[in-house]
Number of protein chains: 2
Amino acid sequence: MRLSRYFLPILRENPKEAEIVSHRLMLRAGMIRQEAAGIYAWLPLGFRVLQKVEQIVREEMDRAGAIELLMPTLQLADLWRETGRYDAYGPEMLRIKDRHERELLYGPTNEDMITEIFRAYVRSYRDLPKILYHIQWKFRDEQRPRFGVMRGREFLMKDAYSFDLDEEGARLSYNKMFVAYLRIYKRMGLTAIPMRAETGPIGGDLSHEFIILADTGESAVFCNKDVLDLPIPDEHTDYDGDLSPIIKQWTSLYAATEDVHDAARFESETPPEKRIERRGIEVGQVFYFGEKYSKPMRSLITGPDGSEKPFQGGSYGVGVSRLVGAIIEASHDEAGIIWPEAVAPFTVGLANLKVGDAATDAACAEIYERLEALGVDVLYDDTDDRPGGKFAKLDLIGLPYQIIVGPKGLAEGKIEMKTRATGARENLSIAAVIERFTT
Amino acid sequence: MRLSRYFLPILRENPKEAEIVSHRLMLRAGMIRQEAAGIYAWLPLGFRVLQKVEQIVREEMDRAGAIELLMPTLQLADLWRETGRYDAYGPEMLRIKDRHERELLYGPTNEDMITEIFRAYVRSYRDLPKILYHIQWKFRDEQRPRFGVMRGREFLMKDAYSFDLDEEGARLSYNKMFVAYLRIYKRMGLTAIPMRAETGPIGGDLSHEFIILADTGESAVFCNKDVLDLPIPDEHTDYDGDLSPIIKQWTSLYAATEDVHDAARFESETPPEKRIERRGIEVGQVFYFGEKYSKPMRSLITGPDGSEKPFQGGSYGVGVSRLVGAIIEASHDEAGIIWPEAVAPFTVGLANLKVGDAATDAACAEIYERLEALGVDVLYDDTDDRPGGKFAKLDLIGLPYQIIVGPKGLAEGKIEMKTRATGARENLSIAAVIERFTT
């Protein structure tokens, strides 16, 4: 993409309303624009990151055997009355009346609706187990939206739902999602720790929040330091196999959010030098809630013995839009964002230091075309901005690699390549740079 | 995908509420489920088609130089008051109040919001031209939603917006979108005719609707038969080049919707044997509206001469979710849907006629694995449904190719391949079938 044709509205000033670094950097880097309190437009650069995060989540859900569908954003109030959640949910639910005065709501989550769908079609144990998921915009009418996309009102969430005949089966589904989550965050360059957690308005008996340690986190978290070094299951993990050793490994070390924290147990299980007490950002949560929705909604499954009983359910959320902010919280410096390669909006930023100089233009055009032909996403700064402005812009938007081309270097047959994460700079020939991106 | 693991709730009965064939087939094939009047969940099979349609639209927008972003579904009422559209829009706009009694609405379109975004960042002619687009769910509170996704309330739309300094530039942007639209529909296997049309609530001076001829269409349309045979610009079209010959070719033959139809002109310009008077389904519309939004919202551009004036705008919509229904209206038979390959949810349906028979299972497993390794999407019916049920199901869901494997054929080293569109059947070796899908 040529920057002269792109839409990248960089802000020079630090926006006053931004209290945390990810919000500030997303505004400055032209990734988002606030359209109402807690409601954002994703500008082109931000949208590219959102898509990459979404795609990683999708791939790992599919790998774990979950099936994607898409439920609508608006739901009937009557559906939520079946489970008693319509009245229970409180002012965070956005309630709507249509032109015929029918009561709707903007879905904050989809347990009720997916149960309605499942109930309509599935009645036999032979069709189980199933895990269904969607990635859809949701709305939670926060009293005080803040921190940009970290605590917005309209937000993109992946929510999966599992359907099993019995508790044993439900545990297997829970374990699949648990493992998929470990992989999702790892692929985004994040260290997310599964921690025992409250079940809140979703309900149920068992829950883990996936937490990123960060000073700007919304809650206190407690864990054993060794949990940070546990191995992440690789892409060949057999989701139909026995995942319990992985789960056991991850859940045997102490890790809990403040809501369920047990100080005495923490201290007895964790040597002092291993104790971590920090703030954490929640980037996902998994729940096992059994019959909480299937029983009131009478979604009954006939078992092998011919008897009917409500399915055993679980739900599994990943905050897709929130993750974009969380990744920045975990990966930035004074100069700007440092994108992990897997979620970077472009892999390479190419800076032409003397637009209009024939040799420089030709070298840049060659690099741009050859990298694009290799499938490398390049943002080519072909504007007449001064070099200092181009450097600052590239550091701010945080693309993993910067390729800097100017007449001086070219006279010696060299261009400069800078790795954003380390700051390392190398002078290389064009051929050597291309070689770096040839797999 | 193994059908035993998939979620494909086929309906045996024709749903009574479905008045048109696409609605009936989408319900029967387990593609959608109604969650409220005009509000649908996209079940896995339907969602796959929706994604393919969306991706074709995205690729052609990108090819034409448009830049993708994503605006939120909810908008501030005050934004629409700036252009006077809040009061003008009428009961089809879903108006919402949040917990603080702030007035919001569920966006039916985004001219106002994109102008607000553009106005905030762009003030110089040097940043023009620009075409920005997004693909987002929208809501139109239809008095009487019907025809399934063809006239739903919550619907997925691609809407693009162009920004130019003057009318001449705006025409160039209009032409780019016009050509991109021709390519979009063609890639989906549709013959869509651009017809002169009313501008309606979007406003403006110039508009074309892209129309598919179908008896179930919502309005009468009139055109010269020769327009059906005009060539579609290929993928090497230079969008920075002169597109006016293409536009001229497409607009010089008579083609108009009933709202702007001029019977006298139609008859004078079109020989009797060339006159088509049919019903049409609108699958997209392009508008040039000049200063309609930029002037009241004061989105001013400084030109090369230093003077400020409102930008010249246009907007360009494609009904993404509606297209799924429209494609079925255009491509089905008595037995079910006939998907054009580019939008098919899977390319191949593989029917195992004797699950449990070792040789048949092994042959199916081999075909399934080899095709998947080639990147061919296969839906493998490994259920214990009887053969007749499997044939009917495959015809109903309309995958382009059916591969039918049973013990009898295998004894002779043959499997059957059926092409859904033609009904042609061939007996082939496994190797020959694989060869067909090897590019």
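This tour visits a domain interface and then a set of paired strands in a predicted model. Local features need pLDDT of at least 70, side-chain atom pairs count only at pLDDT 80 or more, and totals for chains, interfaces and linings use all residues. Residues are numbered from 1 along each chain as its sequence is written, chains are lettered from A, and side-chain values use heavy atoms, without hydrogens and water.

**Stop 1: the two domains.** Colour chain A by domain: 3–337 is domain 1, and 346–436 is domain 2. The bounds come from an automatic or database domain assignment. Their C-alpha centres lie 38 Å apart. In the contact (heavy atoms within 4.5 Å), domain 1 of chain A gives 15 residues and domain 2 of chain A gives 13.

**Stop 2: the interface.** The two domains bury about 1,300 Å² between them, 61% of it from carbon and sulfur atoms. Buried area is the accessible area (1.4 Å probe) lost on putting two parts together, summed over both. Select A:Leu3, A:Arg48 and A:Ile337: they supply 41% of what domain 1 of chain A buries against domain 2 of chain A.

**Stop 3: a salt bridge.** Show A:Lys52 and A:Asp377, whose side chains form a salt bridge at 3.9 Å, N to O. The rule is a Lys or Arg side-chain nitrogen within 4 Å of an Asp or Glu carboxyl oxygen. Three such bridges cross this interface.

**Stop 4: strand β13(A).** Select residues 275–290 of chain A. Strands are DSSP runs of E, at least two residues, numbered from the N terminus; pairing takes at least two DSSP bridges. Antiparallel β10(A), 206–213, joins β13(A) by eight bridges. A:Gln285 faces A:Glu209 and is also the bridge partner of A:Gly317 in β16(A).

Notes
Helices (H or I, at least four residues) and strands (E, at least two) are DSSP runs, numbered from the N terminus.
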